[in-house]
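Subject: Structure handover

Hello,

Here is the structure I promised to pass on. Please open it first, then read the notes below it.

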Amino acid sequence: MKKLLIQNATVATSTGVFNGDVLVEGETIAAVGQNLPAKGATVINATGEVLLPGGVDAHTHFDLDVGFTRASDDFYTGSVAAAHGGTTTIIDHMAFGPAGCRLTHQVGVYHQLAKDCVIDYALHGVIQHVDEQVLEDMALLRDEEGITSHKVYLTYADMLNDAEVLAVLQRAKQLGVTVCAHCENDAIVNSLRAQFVASGKTAAKYHPLSRPAEAEAEAIFRFLSLAKAAGEAKVYVVHLSTALGLQAIALQRAAGQQNIFAETCPQYLLLNDALYDDPAEGLKYLMSPPLRKTADEAMLWAGLQTGEIDTIGTDHCPFLLHPQKQRGKDDFTQAPNGAPGVELRMPLLFSEGYKKGRLTLPEVVRTCCTRPAEIFGIAPQKGDIQVGADADLVLFNPDEEWTVTHADLHENVDYTPYEGMQLCGKPVLTIARGQVIVKNGKFTGAAGRGKYLHRHV
């Protein structure tokens, strides 16, 4: 059995940091300690470097079909980019299927789309309508496909109304599965968008104004209230972007509600709505929810520090600035919403979180690796450095200073929202189930080596 020994690293886990070694045998971690025997192993001297678990990104949209176009990263290019950034596992949110289709329909589609994925992947179900068949299929997918989470939308064309969301939550409670939600008040968003378009206010700067913080906060509070009424079903708020939304979550938790989990994304921690002011450049940042105020950024960092926010995903959903995003150059409502980020999540949190003193290394590990694995049923084999776990690891040079340039990244898109940012700390080695798949910026893995993860409640 092939052995790999990483020696003298600063090892960061979800509970602490120590100097030591990690021994990999085959696909798993065989030992963690100090002065581990090197006999028969390929040795990597990691003196001065920081070893973290491979990242778990629980919110990607690879190869997303939005009807009039598709995301520019497919499962191969997106997973290669993820690997370069130290992410070794993704949970992808499937796109809507044909109108009226069974819940099982998209699963077959996505297994085919993901056949070239280079890292391990799981899938979130997507519920676009509710009937008895859909509710039955929730059990079928849990038992046969290991899909233990489903997403509902409180806005967009395939949104669910409150009665439908409640039915899904009640069924989820019975099955022990998780319901994720995109929380924005549909009436607020669509009314404001229509008003802006009618008055000729169609530049990118009106995008955040059409989706105010109140739209997010109201929808979060309503979603959590429905979950409470369903017997405290397990729920997960995706891409939290506002202080007001965080307060809605805190209010429900303070009232005693259990089984609430929340995710934010790097863009809501590091970018703000001033970026929409440039009519041309603002198209880059058309995502939903939109970028917010600097005060929201500060509150989200605080939420990570206190544990009120559980995870950091990316909502990676890239569209080319030219030509795809240009669809919205004269009307922001016509542009595909989404942005890249899967490659930079771990480097951004290492640099802007750990190196700048906002988060400890264990907090980076918990939010980017361990908690998403735990919440979505892929722990303990993913998300931490412990004996018996999958050997998913990323080695950082903690002192390398570098400038983010989209041309140097591997995401299949012609820009990055983080262009020109100065970062400190860079991944130099990514190991996925015991195999080195990225070394010093060179991909050494293979298409299709990623494994589908059958999850458990």
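Start with the aromatic rings. Phe62, Phe75, Tyr110, Tyr121 and Tyr452 are linked into a cluster by ring pairs. Keep in mind throughout that this is a predicted model. The count of aromatic pairs comes to 11.

A pair of aromatic rings is described by the distance of the centres and the angle of the planes.

Take phenylalanine 196 and tyrosine 206. Their ring centres are 5.3 Å apart. Their planes stand at 40°, so the pair is tilted. Phenylalanine 196 and tyrosine 206 are buried.

Next come phenylalanine 350 and phenylalanine 396. This aromatic pair is stacked, with 4.4 Å from centre to centre and 10° between the planes. Here too, distant parts of the chain are linked. Phenylalanine 350 belongs to helix H11 (residues 345-355). Phenylalanine 396 belongs to strand E14 (residues 393-403). They are 46 residues apart. Phenylalanine 350 has 1% relative accessibility, so it counts as buried. Phenylalanine 396 has 0%, so it counts as buried. The cut-off for buried is under 20%.

Now the helix packing. Two packed helices are described by the angle between their axes and the distance between the axes.

Helix H4 (residues 162-175) packs with helix H7 (residues 213-229) at an angle of about 50°. Their axes are 9 Å apart. That makes H4 oblique to H7. The crossing of H4 and H7 is right-handed. On the H4 side, the contact uses Asp162, Val165, Leu166 and Leu169. On the H7 side, it uses Arg222, Phe223, Leu226, Ala227 and Ala229. By class, this contact of H4 with H7 has 7 nonpolar, no polar and 2 charged residues.

H4 also meets helix H3 (residues 132-145). The axes of H3 and H4 come within 10 Å and cross at roughly 35°. The crossing of H3 and H4 is right-handed. H3 brings Leu135, Glu136, Met138, Ala139 and Arg142 to the contact. H4 brings Ala167, Val168, Arg171, Ala172 and Leu175. By class, the contact of H3 with H4 has 7 nonpolar, no polar and 3 charged residues.

Last, two residues of helix H12 (residues 361-375), one of them threonine 370.

Cysteine 369 is found in H12. Is cysteine 369 buried or exposed? Its relative accessibility is 0%, so cysteine 369 counts as buried. Leaving out residues up to four places away in sequence, cysteine 369 touches Pro53, Gly54, Gly55, Val56, Met346, Val364 and Gly383. Valine 168 is 201 residues from cysteine 369 along the chain, and their C-alpha atoms are separated by 28 Å.

Threonine 370 has 7% relative accessibility, so it counts as buried. Neighbours within four places aside, threonine 370 is in contact with Ser14, Val365, Gly383 and Asp384. Threonine 370 and glycine 383 are 13 residues apart in sequence. In space, they are 4.2 Å apart, C-alpha to C-alpha.

Best wishes

Technical notes:
Residues are numbered from 1 along each chain as its sequence is written. This is a predicted model: local features need pLDDT of at least 70, side-chain atom pairs count only at pLDDT 80 or more; totals for chains, interfaces and linings use all residues. Side-chain values use heavy atoms; hydrogens and water are left out. Axes are lines fitted to C-alpha atoms, for helices over the stretch in contact, and angles run from 0 to 180 degrees between N-to-C directions. Helices (H or I, at least four residues) and strands (E, at least two) are DSSP runs, numbered from the N terminus. Angles under 35 degrees count as roughly parallel, over 145 as roughly antiparallel, 65 to 115 as roughly perpendicular and the rest as oblique. A crossing is left-handed if the near helix is turned anticlockwise from the far one by less than a right angle, and right-handed if clockwise. Contact means heavy atoms within 4.5 Å. Ala, Val, Leu, Ile, Met, Phe, Trp, Tyr, Cys and Pro count as nonpolar, Asp, Glu, Lys and Arg as charged, and the others, Gly among them, as polar. Rings of Phe, Tyr and Trp (its six-membered ring) pair if their centres lie within 6.5 Å; planes under 30 degrees apart count as stacked, over 60 as edge-to-face and the rest as tilted. Buried means under 20% relative accessible area, exposed over 50%, partly exposed in between (1.4 Å probe, protein chains only).
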